[in-house]
Amino acid sequence: MTTLTGSHPFGDVITATSLTEKFSHFHQWEDRYRQLIQLSRQLPALPEEVKTAEIELSGCENRVWLSSQLLPNGTLHFYGDSEGRIVRGLLAVLLTAVEGKTPADLLAQDPLALFDTLGLRAQLSASRSSGLQALADAVLRAARAHQVA
C-alpha cells in the first residue's frame, strides 16, 4: 500500500528532538514565528483532488485539511495542508509530533505536548488555539478509528 500523498520530512528528518533543539535558541516570539514560516515552506502542498470536504477541519482561522492512512507496519501516516502560512507551520509541528506513531501511542499522549515544549501554545490567539485543538482532535479521531480492537 502506498501513501495517498508524497512523503514529508516531519517526524522523520525533522524530529521532535531537532525542533526542541532549534526552538531552544529562540527567546522572542518573533523568532518562533519566523521558524513556523520556515517549517510551513517544507510542508508539501496537497494535490487539489485530495483537499476534500471529508478531510477539511472546521474551527480553524484558515482552511485546513488533515487526514491519515494506516500503514502496513501499524503506524499512521498523516498528511495535511492549509491556506495560511502560520497554520501550515503549526500543522508541520503537529505532523512532527504524530507521524509514524501507532494509534495506541497517539491515544496515550497529548498530540499538542510538543507545542508546550517549543513555547508555542501560550503565544497563540484564541482562534488559533481553537484551530490547533481541532487538529489535535482530528489526530485522536484517526487514532481511535484505526485502533486495533
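1. In what order do the three strands of the open sheet lie, and is the pairing parallel or antiparallel? The order is 1-2-3, and the pairing is antiparallel. The model is a predicted one, in which local features need pLDDT of at least 70, side-chain atom pairs count only at pLDDT 80 or more, and totals for chains, interfaces and linings use all residues. Residues are numbered from 1 along each chain as its sequence is written, and side-chain values use heavy atoms, with hydrogens and water left out.

2. Strand 1 (56–57) and strand 3 (76–82) are the edge strands, each pairing on one side only. Strands are DSSP runs (E, at least two residues), as are helices (H or I, at least four), numbered from the N terminus; two strands pair if DSSP finds at least two bridges between them.

3. Seven bridges join strand 2 (residues 64–70) to strand 3 in the antiparallel sense.

4. In strand 3, seven of its seven residues are buried, that is, under 20% relative accessible area with a 1.4 Å probe, protein chains only. Leu 76, Phe 78, Gly 80 and Ser 82 are buried on one side, and His 77, Tyr 79 and Asp 81 on the other.

5. Helix 3 (residues 85–98) lies across strand 2 and strand 3, running at about 175° to strand 3. Helix 6 (residues 126–146) lies across strand 1, strand 2 and strand 3, at about 20° to strand 2. Angles run from 0 to 180 degrees between N-to-C directions, with axes fitted to C-alpha atoms, for helices over the stretch in contact (heavy atoms within 4.5 Å).

Key. Buried means under 20% relative accessible area, exposed over 50%, partly exposed in between (1.4 Å probe, protein chains only).
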